[in-house]
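Biologist: Let us go through this one by the numbers. Please give each cut-off as it comes up.

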Amino acid sequence: LFALILFLIILVIPKEQRLFWYIFNLLLVGAIVSVEYFNPEVIRQQYANREELFLDISFTYVIVVTLLFLCTVQVRKNYDRQKQTAEDRADKLELLNVQKDKLFSIISHDLTGPLASLKQYLNLLTDIDLTPHERKVVETDLTKSLGDAQYLLENLLQWTKSQMENNQMFLEVLTLRQFIGQTLNMFQQVAHSKGVAL
């Protein structure tokens, strides 16, 4: 019974108190056994015969073993449930990590085009002597390209946020031309310099 009580106490107390209760239990049982050993007359047997003694011992054993079994099963159930929860969280974290890597890959790829375009414009401004009219045209294109890059970055960040928050999607019919125009304009200069018509 003392072993069962110790088992139950260890299940519910904080981790830092376990050693205390373990030592307390050992000392208490040791004290009771010592008292009975050195003073056998203190504890009198109340059994009428040996059958009652063995019946009492057997009944106590069955109760203790049954309670230990039930407690152990419950502890094991809780452990398995927490283990499953931890594994589910690990799987979800791994999926989020893969999504994060994909998002960074998409962002870096999509920003390369507009930044390359900005670099070309800046090279034109510094490497070539331009007339005031040509300089004005290049500066206008540079401002437009910078605006396009900012637009792309805002879209990517908004899309990334929606991916991270697992926002619900609602499908609807849209006219593609009104949404893709600014994106096409963003890559128009790079495409034109490569002889590609968008």
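Biologist: Is N25 buried or exposed?
Modeller: This is a predicted model, where local features need pLDDT of at least 70, side-chain atom pairs count only at pLDDT 80 or more, and totals for chains, interfaces and linings use all residues. The relative accessibility of N25 is 11%. Buried means under 20% relative accessible area, exposed over 50%, and partly exposed in between, with a 1.4 Å probe and protein chains only. N25 therefore counts as buried.

Biologist: Which residues is N25 in contact with, leaving aside neighbours within four places in sequence?
Modeller: Residues are numbered from 1 along each chain as its sequence is written, and side-chain values use heavy atoms, with hydrogens and water left out. N25 lies in helix α2; helices are DSSP runs of H or I, at least four residues, and strands are runs of E, at least two, numbered from the N terminus. Contact means heavy atoms within 4.5 Å. Beyond those neighbours, N25 is in contact with F2 and L6.

Biologist: At what angle do helices α1 and α2 pack?
Modeller: Helix α1 spans residues 2–12 and helix α2 residues 18–38, with axes 10 Å apart. Axes are lines fitted to C-alpha atoms, for helices over the stretch in contact, and angles run from 0 to 180 degrees between N-to-C directions. The angle is about 170 degrees.

Biologist: What does that angle make α1 relative to α2?
Modeller: Under 35 degrees counts as roughly parallel, 65 to 115 as roughly perpendicular, over 145 as roughly antiparallel and the rest as oblique. So α1 is, relative to α2, roughly antiparallel.

Biologist: What is the geometry of the W21 and F24 pair?
Modeller: The whole structure holds 4 aromatic pairs: rings of Phe, Tyr and Trp (its six-membered ring) with centres within 6.5 Å, called stacked under 30 degrees between planes, edge-to-face over 60 and tilted for the rest. W21 and F24 sit 3 residues apart in α2, about one helical turn. Their centres are 5.6 Å apart and their planes 85 degrees apart, which is edge-to-face.

Biologist: Which residues form an aromatic cluster?
Modeller: W21 is partly exposed at 28%, and F24 is partly exposed at 40%. Both belong to one cluster, made up of F20, W21 and F24.

Biologist: How far apart in space are N185 and S145?
Modeller: N185 is in helix α5, residues 176–193, and is partly exposed at 37%. N185 and S145 are 40 residues apart in sequence, yet their C-alpha to C-alpha distance is 8.6 Å.

Biologist: What is the radius of gyration of the protein?
Modeller: The protein has 5 helices and 0 strands. Taken over C-alpha atoms, the radius is set against the globule rule, 2.2 Å times the number of residues to the power 0.38. That rule gives 16 Å for 198 residues, so the protein is more spread out than a compact globule, with a radius of gyration of 39 Å.
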